[in-house]
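Have the sequence and the 3D view open side by side.

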Amino acid sequence: PIVYTSARDDFENRMAAVKAGANAYFTRPIDISLLVERIHILTNAGIVEPYRVLLVEDDEALASHYALVMEKGGMEVFIETKPEYTLNKILQFNPELVVMDLYMPNYNGIDLIKLIRQHQSFFTIPIVLLTAEQDIDLQFLAREVGVDDFLMKPITESHLYDSVLSRVQRSRYTNVSMTKDSLTWLFVLKKINEYIEVHLNISKRYKHSLS
């Protein structure tokens, strides 16, 4: 991988870097936390913690298969086969990406996404739908309610892994850029407040103490 640094942030220089094979381009002064995270992504090395993916799929056998594919690459996958428990799983595991089947017994992915997006703390979690649905109108509806992307069934193991990995990498990178101070790499106040709210809800729900 090639990472360029420069004092210039114009189109011509960035395009020159692209043509020279650059994988990333940082302008000085450099945000070290973003640089470190991008190097982790480009080298698949030094990741402090595995990427967290929540898989909502009612077919247990299929869910286990998908999870195994992703876990081979070092991701931490949490499976939920009962859609009504999805919010609990998000609260418990704070996933960086949600992968969800479109059609499940008694529920569909569209309604479940609407429910998730009702919660302010979950409004920016990337959600990817697994579906064989070719209806363009339905896909537009899904995007309107908060779907970030689609993975079309049937899907090969390599396509599943590569697609999920690229999306969860971007999710973490974006999260780092928006939630961590560039000097100290500590969470900004807004993110701290969000975490406090999430964990207060968990402590109330399960009657746990919180400190």
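## Terms and source

Two strands pair if DSSP finds at least two bridges between them. Helices (H or I, at least four residues) and strands (E, at least two) are DSSP runs, numbered from the N terminus.

This is a predicted model: local features need pLDDT of at least 70, side-chain atom pairs count only at pLDDT 80 or more, and totals for chains, interfaces and linings use all residues. Residues are numbered from 1 along each chain as its sequence is written, and side-chain values use heavy atoms, with hydrogens and water left out.

## The chain as a whole

The chain has eight helices and nine strands. Its C-alpha trace spans about 55 × 45 × 35 Å along the principal axes. Of the 211 residues, 38% are buried. Buried means under 20% relative accessible area, exposed over 50%, and partly exposed in between (1.4 Å probe, protein chains only).

Contact means heavy atoms within 4.5 Å. Take the contacts between residues at least 6 apart in sequence: 55% of them join residues at least 24 apart.

## A β-α-β unit

β3 and strand β4 (residues 76–80) pair in the parallel sense, over five bridges. R52 stands opposite E76 in β4.

Together, β3, α3 and β4 make a right-handed β-α-β unit. A crossover is right-handed if, with the strands pointing away from the viewer, the path from the first strand over the helix to the second runs clockwise.

## Two nonpolar cores

A nonpolar core is a set of buried Ala, Val, Leu, Ile, Met, Phe, Trp, Tyr and Cys residues joined through side-chain atoms within 4.5 Å. The largest one has 26 residues, and L55, M70, M75 and V164 have the most contacts inside it. Several elements give two or more residues to this core, including β2 (24–27), β3 (52–56), α3 (60–72) and α7 (157–179). Apart from it lies another core, of 24 residues, with L102, I113, I125 and V147 among them.

What does M70 touch, leaving aside its neighbours within four places in sequence? M70 is in contact with V53, L55, M75, V77, Y161 and V164.

## An aromatic pair

Rings of Phe, Tyr and Trp (its six-membered ring) pair if their centres lie within 6.5 Å; planes under 30 degrees apart count as stacked, over 60 as edge-to-face and the rest as tilted. A search of the whole structure finds one aromatic pair. The ring centres of F78 and F93 are 3.9 Å apart and the planes are at 10°, so the pair is stacked. F78 lies in strand β4 and F93 in helix α4 (residues 86–93), so the pair ties together parts that are 15 residues apart in sequence.

F78 counts as buried because its relative accessibility is 12%. F93, at 29%, counts as partly exposed.

T86 lies in helix α4. T86 counts as buried, at 1% relative accessibility. Beyond its neighbours within four places in sequence, T86 is in contact with L54, V56, E80, L112 and I116.

A24 lies in strand β2. A24 also counts as buried, at 5% relative accessibility. Not counting residues up to four places away in sequence, A24 touches I2, V3, Y4, R38 and L42. A24 and V128 are 104 residues apart in sequence and 25 Å apart in space, C-alpha to C-alpha.

Just after α1, G21 takes a positive phi of about 95°.
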